[in-house]
Amino acid sequence: MMSNPSAATSESSRYYENTFREDYELEKNLIVDQDKDTICDDFKETLSASVKSLMRELERNKNYFENSTDFSIYTGTTGIANLYYHYGTNFNDPSYISRANETIERSLSRLKTSKRLITFLCGSAGPLALGAVINHLHFAKDKSRSMIADLAELSKHVIGKNSDCPDELLYGRAGYLYALLFVNNRITPPPFEASLIKQVIGCILNSGQVTAKAVRSEFPLLYSWHDKLYLGGAHGLAGILFLLLQAVPYLTEYQLKEQIEPAIHYLMKMRFVSGNFPSSVGNQSDKLVQWCHGAPSMTMLFHQAYKVFGKPEYLQVALGCGDVVWSRGLLKKGYGICHGVAGNAYTFLYLYQATKEIKHLYRACKFAEWCMNYGKHQNRTPDRPFSLFEGLAGTIYFLIDVQQPLFANFPAYAV
């Protein structure tokens with residue numbers, strides 16, 4: 001049973017009480033049209049106007065981030081490029097596609113390739129993968145091929161015999177796997193051989209088995225990051241499993257049914273009574289409801305598991321996570337997608353995609369309404385206030401996605 005959203009807990013200071021009424025039938029002329037199962041035209045216009053207004057705010061502060069030495073997707077200039085490309089393709093504005101490409105080229109000219117920079121979110125794999133796709137589709141295919149070759153070269157740090165690479169999304173093998181899948185999903189024919197992707201997957205699964213055995217866990221797969229067995233999207237099991245489930249064509253039946261699905265079953269057993277999940281194995285604190293730790297990334301994992309295996313219990317877990325986010329997801333930390341309201345709101349977009357039930361679209365729109373009042377509800381300024389995962393760029397990205405909810409994808413996570 002879900003926790004009472006108005007209940008006073010020791011962690012209630014992390015979020016605002018959700019006072020939104022869930023009477024979307026009465027409000028159908030304002031936000032969602034129940035008869036057409038879509039967003040009302042007036043609200044969609046409000047969303048578009050807000051996106052353009054917030055983009056102008058981003059532009060007014062471009063000197064702040066354009067001079068940054070952080071070139072990552074996560075908090076750096078390539079994350080801004082990712083937004084530019086998203087905006088340009090959705091609003092049919094080639095100037096933003098060009099700006100995205102220019103930003104990536106500047107990033108790549110300053111990046112140094114090393115074994116610490118192998119992931120899409122936090123490493124050179126991000127600028128290389130995004131740049132390869134943009135150049136292939138819009139500019140210079142020879143540049144795209146060069147970037148693809150450089151991205152393939154990074155594999156030696158991931159699958160090499162002496163690799164000490166971790167496995168999680170932000171800094172590890174799952175983050176490199178995402179880069180390969182991202183490119184293969186957008187360029188035809190797919191440039192990366194199946195054998196390379198299968199090798200990366202094999203390393204991830206072998207590592208998870210070794211860790212699980214080392215700690216004598218019932219889990220068939222576990223992963224350690226900074227001496228903790230994290231379970232969430234950014235550093236833990238959920239994020240790794242989510243990436244693996246997006247690579248089904250490269251998995252064997254044994255890997256899928258005997259390694260990955262049992263890990264999903266064990267993860268289900270970790271749920272709190274509230275429907276939320278702990279941040280790590282053994283942690284009994286039911287406090288974090290954000291993409292990097294807690295229910296939001298679990299929604300995406302179990303939604304994907306439902307798509308792959310077709311078992312209703314996976315969808316039920318995802319729906320329970322959605323109720324947790326609806327109750328406790330209006331975070332005081334701010335509006336970002338890693339640990340903010342915009343990231344939490346993707347929960348409802350995934351549930352809408354899975355069920356086509358209008359209430360999930362309504363919930364996404366109410367969180368979007370909150371995000372459009374950018375800066376009004378937060379108790380601190382993010383360290384990188386204009387970035388994709390911590391700040392304004394990610395909020396804009398979500399406000400674009402909510403306008404086409406059936407095609408929305410959490411950036412740098414969903415392939």
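**Starting from one leucine**

Author: Leu244 sits in helix 10, residues 237–245. Keep in mind that this is a predicted model.

Reader: Is Leu244 buried or exposed?

Author: Leu244 is buried, since its relative accessible area is 0%, and the cut-off for buried is under 20%.

Reader: Which residues does Leu244 touch, leaving out those up to four places away in sequence?

Author: Leu244 touches Leu177, Ile201, Ile204, Leu205, Leu251 and Ile260.

Reader: Another leucine, then. Where is Leu231?

Author: Leu231 is in the loop between helix 9 (194–214) and helix 10.

Reader: Buried or exposed, that Leu231?

Author: Leu231 is buried, with a relative accessible area of 0%.

Reader: What does Leu231 touch, again without residues up to four places away in sequence?

Author: Leu231 touches Gly236, Leu237, Ala238, Leu267 and Met270 among others. Its contacts also include Pro278, Ser279, Ser280, Val281 and Met298.

Reader: How far is Leu231 from Lys62?

Author: Their C-alpha atoms are 36 Å apart, and Leu231 and Lys62 are 169 residues apart in sequence.

Reader: Let's step back to the chain. How many helices and strands does it have?

Author: The chain has 16 helices and two strands. Its radius of gyration is 20 Å, close to the 22 Å from the globule rule for 415 residues, so the chain is as compact as a globular protein of that length.

Reader: What does the C-alpha trace span?

Author: About 60 × 55 × 40 Å along the principal axes.

Reader: How much of the chain is buried?

Author: Buried residues are 58% of the 415. The chain exposes about 17200 Å², of which 47% comes from carbon and sulfur atoms.

Reader: And the contacts, what share of them join residues at least 24 apart?

Author: Of the contacts between residues at least 6 apart in sequence, 68% join residues at least 24 apart.

Reader: Change of topic: empty space. How do you find it?

Author: A probe the size of a water molecule is rolled over the atoms, and this shows where empty space is left.

Reader: What is the volume of the largest pocket?

Author: The largest pocket has a volume of about 420 Å³. Its lining has 23 residues, and those nearest the centre are His86, Thr89, Asn90, Arg186 and Tyr397.

Reader: Which elements give two or more residues to that lining?

Author: Helix 3 (77–90), helix 5 (125–138), helix 8 (173–184) and helix 16 (392–401). Helix 3 gives the largest share, five residues.

Reader: What classes of residue line the largest pocket?

Author: There are 15 nonpolar, six polar and two charged residues in the lining of the largest pocket.

Reader: How many cavities of 30 Å³ or more turn up?

Author: The search of the whole structure finds one. The largest cavity has a volume of about 70 Å³.

Reader: Which helices each supply at least two residues of its lining?

Author: Helix 2 (62–66), helix 3 and helix 4 (94–110). The largest share, four residues, comes from helix 4. Among the residues lining the largest cavity are Phe65, Tyr84 and Arg106.

Reader: And what classes are in the lining of the largest cavity?

Author: Four nonpolar, four polar and three charged residues.

Key:
Residues numbered from 1 in each chain as written. Predicted model: local features only at pLDDT ≥ 70, side-chain atom pairs only at ≥ 80, totals over all residues. Heavy atoms only, no water. 1 Å grid on protein atoms, 1.4 Å probe; cavity = no way out; pocket = protein on both sides within 12 Å on 5 of 7 lines; lining within 4 Å. Points joined across faces, edges and corners; volume = space filled by probe spheres on them. Nonpolar A, V, L, I, M, F, W, Y, C, P; charged D, E, K, R; others polar. Rg over C-alpha atoms; globule rule 2.2 N^0.38 Å. Buried < 20%, exposed > 50% of the residue type's maximum accessible area, 1.4 Å probe, protein only. Contact = heavy atoms within 4.5 Å. Areas by Shrake-Rupley, 256 points an atom, 1.4 Å probe, with all protein chains shown as cover.
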